[in-house]
Amino acid sequence: MGLGGLLWGTLSFFSGLVWQSLIPYGYTLITIVNFTYLYFSKKFEVVRIIQMAISVLLPFLFQISLGGFIPSGAVIIWSILSILVGFTFQNRFTTLRWFIFYLALIIAGGIIDSNIFLAGSVDTYGLSILFFTLNLCVTSTIIFIMFFYFATNVDNLKTQLETLAHTDSLTNIPNRRHIFEIMETEFNRVKRSGGTFAVMMLDIDHFKKINDNFGHATGDEVIKCFSRCLTGNIRNIDSVGRYGGEEFILFLPDSTLEQARISAQRINSHCRDLQVGTMNSPCEFTVSIGISVFTRTDNCIDEIIARADTALYQAKENGRDQVRTNPAV
Ligand SMILES: Nc1nc2c(ncn2[C@@H]2O[C@H](COP(=O)(O)OP(=O)(O)OP(=O)(O)O)[C@@H](O)[C@H]2O)c(=O)[nH]1
């Protein structure tokens, strides 16, 4: 766009429109200053607004300086191009607002240029301006709708991809990466502002035997059943994620070791009552749970997870189907 301003300015300059050429040259200059400012300040929002504003307003100013729509018709295409480029670096509804602004300017410009209000009637020149305005509004709206539709599809695809990248496909709960992101954010918040949280590692006991005895499909059903049990037994501020295989992780904000232990025991005993239907006998399962809490000396979330993992290992070593904390309580 900056290059476009440079070309337009040069074209105008050598066509004898010396002072008018300052407007596109000004556009190029502001663009360079704006992007240099972005490079150093990283204030994307400010730069975005300035760039969209000059992209819509300066072509109109250039047009006025040339004497209206007819002598400068092509310039206005510059604006619609800038607005469409807006789709790539801002929200599509923000782009829509800029487009409505652009349409309002075109309509206002067309009406003023046609002289309809001053003259009280419209002559052949005025009529051609009004037709030109109508034509411009219709074609730019059609082009805008096409781009808006395309941008909507891209946005929907982006949302779907984000959901896929964050969700475990078997259980529909956050996957390992996403639960880590959640825990890391909360860890940083608690480290800075104070507070506490607990982390629970949960593992289905002898899951290999379930697979071997009942088949892989029943194994998958057990994982889903356990996942439902977890989501049904947590507060809405807690987060659950599939850590991998038959291992899950529960993140409990504002919880002490004792509170987390009570919650873990509830999950542990609830699992004993669960059954997954199979062709033969129902499949029952138990879980082992290890818990730890945030301490002020922790430097990263992995340290708390490692402690919970040690507690889980102890629960397994001690005969499974039980809850262990680290430190022990
Ligand atoms: N059905 C099914 N099995 C899985 C899935 N992910 C991992 N597994 C199986 O889970 C089993 C885990 O076995 P182990 O790590 O030995 O653990 P375990 O048998 O539960 O033994 P303990 O944890 O010591 O009680 C492995 O056989 C994996 O192949 C899955 O998504 N579905």
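The ligand is surrounded by 16 residues, the closest of which are Asp205, Phe207, Lys208, Gly219 and Gly245, where a residue counts as near a molecule if its C-beta atom, placed from the backbone, lies within 6 Å of it. This is a predicted model, in which local features need pLDDT of at least 70 and side-chain atom pairs count only at pLDDT 80 or more, while totals for chains, interfaces and linings use all residues. Residues are numbered from 1 along each chain as its sequence is written.

**The shell around the ligand**

- Strand 1 (197-204), helix 10 (207-214) and helix 11 (216-232) are the elements that give two or more residues to this shell; helices (H or I, at least four residues) and strands (E, at least two) are DSSP runs, numbered from the N terminus.
- Helix 11 gives the most, with 4 residues.
- The shell divides into 4 nonpolar, 5 polar and 7 charged residues, with Ala, Val, Leu, Ile, Met, Phe, Trp, Tyr, Cys and Pro counted as nonpolar, Asp, Glu, Lys and Arg as charged, and the others, Gly among them, as polar.

**Annotated regions**

- In the model, residues 195-328 are 43% helix and 26% strand, and their end C-alpha atoms lie 21 Å apart.
- The unreviewed UniProt entry also places the feature "transmembrane region" at residues 17-39, 46-62, 68-87, 99-119 and 125-151.
- Residues 99-119 are 95% helix and 0% strand, with end C-alpha atoms 30 Å apart, and residues 125-151 are 100% helix and 0% strand, with end C-alpha atoms 38 Å apart.

**Packing of helix 6 and helix 8**

- Helix 6 (residues 92-114) packs with helix 8 (residues 124-166) at an angle of about 175°, their axes being 9 Å apart; axes are lines fitted to C-alpha atoms, for helices over the stretch in contact, and angles run from 0 to 180 degrees between N-to-C directions.
- Helix 6 is therefore roughly antiparallel to helix 8, a term used for angles over 145 degrees.
- The residues of this contact divide into 13 nonpolar, 5 polar and 3 charged.

**Glycine 9**

- Glycine 9, found in helix 1 (residues 2-14), counts as buried because it has 22 C-beta neighbours inside 10 Å, the cut-off for buried being 20 or more other C-beta atoms within 10 Å of its own, with C-beta atoms placed from the backbone.
- Leaving aside its neighbours within four places in sequence, glycine 9 is in contact with Ser21, Pro24, Tyr25 and Thr28, contact meaning that the C-beta atoms of two residues, placed from the backbone, lie within 7 Å.

Terms used:
Buried ≥ 20, exposed ≤ 12 C-beta atoms within 10 Å, placed from the backbone. Parallel < 35°, antiparallel > 145°, perpendicular 65-115°, else oblique. UniProt positions renumbered as here; feature names shortened; annotations may be inferred.
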